[in-house]
Structure formats: structure tokens, C-alpha cells
Amino acid sequence: EDTEVLRQDYLKSQKNIIKKEVEAVIDYINYKKSLIREQLNQEIKRRTYEAAAIAKNIYDENKAIRNDPEIKKMVKDALRPIRFDDEQGYYFAGNMKGVEELFPDKPELEGTDLSAQQDINGKFVIRDLIALIRTKKEGFYEYTWTKPGQAGKNFPKITFVKYFEPLDWFIGTGGYLDDIEENTKKEVLDRISRIRFGLNGYIFVVGYNGVTLMNDTQWHLVGANLWNLTDPNGVKVTQEERKAAARPEGGFINYVWNKPSELKPRPKISFVKGIPEWEWMIGSGVYVDELTRSSRKKKSSCNKT
């Protein structure tokens, strides 16, 4: 009876530990998610200021010896080849009448009045940018747009534009939220892979669709879809994880799982909680046999005392 009491007490403490570790990862993910927009905003604003500085230097150096059309060409030639963010980022420019002056992704549209063009949500993008420039001289704007090398124009994008008075242009650049989010996910998974606690504690990540995204102790599972995986007792493990993740507070599940250090199935208890926006399940567990051995050691220690 004493051994069982110790076992239950130890089980409770270990469940608290794995829950705390999972919730700490959840907090970290939410923090990183909150920085995605801020990180993108800072980057595109900095790059737009750099482009405006390049244009100003070209203008100041040539205004006394060249006419405006020549200077415009020089500015466009200087900005056109610049790429960043894995070739997805580029500079664009337009005049205050809505005519596209620089559009490296679709150069065939340069010289075209795009003031009537809309994104998939009905926003008149160029008109809105011109209105922003007229009222604030610079600022951020969010819309959906094309992405270099990919079909369609339904990629969420944030742009920062700045007025360039010498040529009566607005100059800007933008970034795609999904690209920043994917980079953030990679950073998060890398950090999760290094988390260790207790004897064999680690964090695993599984997508809502059943694909394992991170399991640093069993790398052969990463990328595998385990939605229909059934343990020796008939428990569909991933589907039980999905049920737990569907609860806002998360939940505990009981199943049998291969122990990495022994490569054979052992009873296990895990706590799982979801990240709905990313459709991730974050979990951690403890093997029941470890609880039994630990409780026996505690009992032995008590008897000696």
C-alpha cells in the first residue's frame, strides 16, 4: 500500500512536470508567433529606406548633368537586380498617377497604369498606396499579391512604401507572411529538438494531420504520417493526441510506445496541447515503468531510514 501511494504521488509529480514543460514550449511558440509581423515590418522598412537612399544619391549626383528620364532609368537599373529573402524580395516603384515604374517580378507591366488593379480581396492596391503616401508620406500596407516563381496571387504580403519627392515616386518593398512564418517554425522546431529534462524527458511535435514534425529521440519518425498508428492495446495514439489537442487546456493520454533506450514498447503517459494556428500538437511523456522503479527506490530508502 505504501508503495502504491508513493507511485501515485510520483506519477502526479511527473505529470505536473511534463505538463509544465509542454506549456513552456507553448508559451515560447506564442511569443515567436507574436514577433513574426514585427520582424517583417522592421526588415521591409529598413530595406525601403536603403532603396530611397540609393535613389537620392543617384539623383543628387546627376541632377545637374542629366534630365529626369535619364535619372529614372539609372535608379531603376540600380534597384532592379537587388534580391533578398531567398530571391522572393525585390524593390518596386510607382508614380503618383498609378503608373508602375519598377516591377522586377513582372517587368512587362512597367509603364502600365495599375491603379485599377485589385487583389483577390478587392483592394485597389496601387490606389491605396498612393493615398497612404499623400497622407503620411510613408507607411505599411497589407494585401495579397503574387510571389516570384509561384503561380497565383493569393500570398499575404506586407509592404512598406516611402515617398521619393525628386521623381514624384513611391518606392517600396514587401515581405510574405507565410515565408516569415515558415522560417519561424524551423527555428522553433530546432530549439524544441534540444530540450531535455529529467531522466528521458523530451518534447515531440506532431501535425494535426498525423505527420511527425519533431522527435529528436526517434528521428526515423520525423516526416512519417502516424495517424492510423495503433499500439498493442488497440489505442490509436495519434488520434488520441488529436483529441487531447482539441481541448483548449490540453490533456493526458495513456498508451504503449517504443522506449528509445530499449527499442521495445512500454506503457506511457503523455500530456498534449495544441497550437491551432499552426495545427501542431505539442507533447511530452513519461514511461510508467520508470515511475514504478523510482517509487520502489523511494520505498527502499524509506525502509532503510
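Which residues in H3 are buried? Hold that thought, everyone, while I say what we are looking at. This is a predicted model, where local features need pLDDT of at least 70, side-chain atom pairs count only at pLDDT 80 or more, and totals for chains, interfaces and linings use all residues. Residues are numbered from 1 along each chain as its sequence is written, and side-chain values use heavy atoms, with hydrogens and water left out.

Back to the helix. In H3, the buried residues are Val125, Ile126, Leu129, Ile130, Leu132 and Ile133; buried means under 20% relative accessible area, exposed over 50%, and partly exposed in between, with a 1.4 Å probe and protein chains only. Looking down the axis of H3, these buried residues fall within an arc of 160 degrees, so they line one face of the helix; the arc is taken from the directions from the helix axis to the C-beta atoms. On the other side of H3, you will find Arg134 and Thr135 exposed. Just after H3 comes Lys137, with a positive phi of about 70 degrees.

Now please find Arg83, in the loop between helix H2 (68-79) and strand S1 (91-95). Helices (H or I, at least four residues) and strands (E, at least two) are DSSP runs, numbered from the N terminus. Arg83 counts as partly exposed because its relative accessibility is 31%. Its side chain reaches the backbone oxygen of Arg80 at 2.7 Å. Leaving aside neighbours within four places in sequence, Arg83 is in contact (heavy atoms within 4.5 Å) with Gly89, Tyr90 and Pro104.

Technical notes. Polar contact = N/O pair within 3.5 Å; in protein donor to acceptor, adjacent residues only side chain to side chain.
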